Amino acid sequence: MNKSDSECFTLSFPEAKGLVISGDVHGDFNQLVFKLCVQYRVRDTLLIVAGDCGFGFEKRESYENMVRRNVKRMNEANNWIVFVRGNHDNPAYFDGCAFRHKRFVAVPDYAIIQACSHTILCVGGAISIDRQYRMNTWKGKLKYLKAGGNATDALARNIYWKNEAPLYDEKKMGAICSQFTIDTVITHTSPSFCELFTKGNLHHWIQNDDTLLDDVEAERAAMDKLHEQLVRDHHPVSHWFCGHFHQSWHNSIDGILFRMLDIMEFCSMY
């Protein structure tokens, strides 16, 4: 793992013989490992979770305990899991260092993953349409929690993070496009021209959140800019995966297979 001077965070998995993309897991890490290693008996494979992994809802120790509980099974199967940031994730975990293990790593936005002859661009983030409810709920919980309200601890427990939105980073894209040829994209949300065109019950939540609709539109617009840059620079993108919408959908649009994955849905790439 490394982050070069040109700000490209890269990971390479030369031993991986298979590549699997998963939809949201919402903190069910043990089930994710069980499904990968036991239920499907997958070996020598890199699995990438397309956001809403569940980092931040529990104390940091719980994620370290998860690693200890599952590392033997992952080592025996020779599998790896890379986590991309969702809106239901604390962004502080996604710097490539805060959660970094041999078999598990949470990567920053605009990370480049190389495996199975694929070069994959990962960009996380989305808008929580229930964010006002989450903020109000957390304020109430803090009255009863002995820990979790430490404003100086970036990894303290919470249920909502203000810097959840995806950002189009022109500088990072410039550095990436000058060094890599992207064939696969994994984001948490999707461009505006893909399903779903609206997230369920959005109109209920906008009644008490004046800027929610604009922020959701900006979320999708950021993915539009990402798509436009990749097309403009002639990257041979053939697959684009996302989660976030809790449904399964796919469609080929202008030569790219866009695939939305449901919760814990696996899709293999060859």
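These legends describe close-up views of a predicted model, beginning with the whole chain and then moving to single sites.

**Figure 1. Overview of the predicted protein model.** The secondary structure comprises six helices and 13 strands. The radius of gyration is 18 Å, close to the 18 Å that the globule rule gives for 270 residues, so the protein is as compact as a globular protein of that length. Along the principal axes, the C-alpha atoms fill a box of roughly 50 × 45 × 40 Å. Of the 270 residues, 54% count as buried. Among contacts between residues at least 6 apart in sequence, 78% join residues at least 24 apart.

**Figure 2. Confidence of the prediction, with residues 1–5 in view.** The average pLDDT of the protein is 93, and 94% of the residues score at least 70. Over residues 1–5 the pLDDT is below 50. In the model, this stretch has 11 contacts beyond near neighbours in sequence.

**Figure 3. The open sheet of five strands.** The strand order is E6-E5-E4-E3-E13, and the pairing is mixed. E6 and strand E13 (266–269) are the edge strands, each pairing on one side only. On average, neighbouring strands of this sheet are turned by 20° against each other, direction ignored. Within the sheet order, E4 stands between E5 and E3. Strand E3 (residues 18–22) pairs with strand E4 (residues 45–49) in the parallel sense, over five bridges. Gly18 has Thr45 in E4 as its bridge partner.

**Figure 4. Helices H1 and H2 against the strands.** Helix H1 (residues 29–39) lies across E3, E4, E5, E6 and E13. The direction of H1 is at about 140° to E5. Helix H2 (residues 60–77) also packs on the sheet, where it touches E5 and E6. The direction of H2 makes about 130° with that of E6.

**Figure 5. Arg100 in the loop between E5 and E6.** This loop runs between strand E5 (80–83) and strand E6 (104–106). Arg100 counts as partly exposed because its relative accessibility is 43%, which falls between the limits of 20% for buried and 50% for exposed. Arg100 and Val82 are 18 residues apart in sequence. Their C-alpha atoms are 9.6 Å apart in space.

**Figure 6. Gly124 and its contacts.** Gly124 is found in the loop between strand E8 (118–123) and helix H3 (131–141). With a relative accessible area of 1%, Gly124 is buried. Leaving aside neighbours within four places in sequence, Gly124 is in contact with Val84, Arg85, Asp109 and Pro166. Asp89 is 35 residues from Gly124 along the chain, and the C-alpha atoms of the two are separated by 9.7 Å.

**Figure 7. Cysteines Cys194, Cys242 and Cys267.** The structure holds zero disulfides. For Cys242, the nearest cysteine sulfur is that of Cys194, 7.0 Å away. A disulfide requires the two sulfur atoms to be within 2.5 Å, so Cys242 is in no disulfide. Cys267 is likewise in no disulfide, and its nearest cysteine sulfur, that of Cys242, is 12 Å away. Cys242 is buried, having a relative accessible area of 3%. Cys267 also counts as buried, at 9% relative accessibility.

**Figure 8. The cis peptide bond from Glu195 to Leu196.** Omega of this bond is near -10°. Leu196 has its place in the loop between strand E9 (184–187) and helix H5 (202–205).

**Figure 9. Asp254, a residue with positive phi.** Phi of Asp254 is about 50°, although Asp254 is not a glycine. The residue sits in the loop between strand E11 (249–253) and strand E12 (256–260). Asp254 is exposed because its relative accessible area is 77%, and the limit for exposed is over 50%.

**Figure 10. Met264, a residue with positive phi.** Phi of Met264 is near 60°, a positive value in a residue other than glycine. Met264 lies in the loop between E12 and E13. Met264 is buried because its relative accessible area is 11%, and buried means under 20%.

Technical notes
Residues are numbered from 1 along each chain as its sequence is written. This is a predicted model: local features need pLDDT of at least 70, side-chain atom pairs count only at pLDDT 80 or more; totals for chains, interfaces and linings use all residues. Side-chain values use heavy atoms; hydrogens and water are left out. Helices (H or I, at least four residues) and strands (E, at least two) are DSSP runs, numbered from the N terminus. Buried means under 20% relative accessible area, exposed over 50%, partly exposed in between (1.4 Å probe, protein chains only). Two strands pair if DSSP finds at least two bridges between them. Axes are lines fitted to C-alpha atoms, for helices over the stretch in contact, and angles run from 0 to 180 degrees between N-to-C directions. Contact means heavy atoms within 4.5 Å. pLDDT is the predictor's confidence in each residue, from 0 to 100. The radius of gyration is taken over C-alpha atoms; the globule rule is 2.2 Å times the number of residues to the power 0.38.
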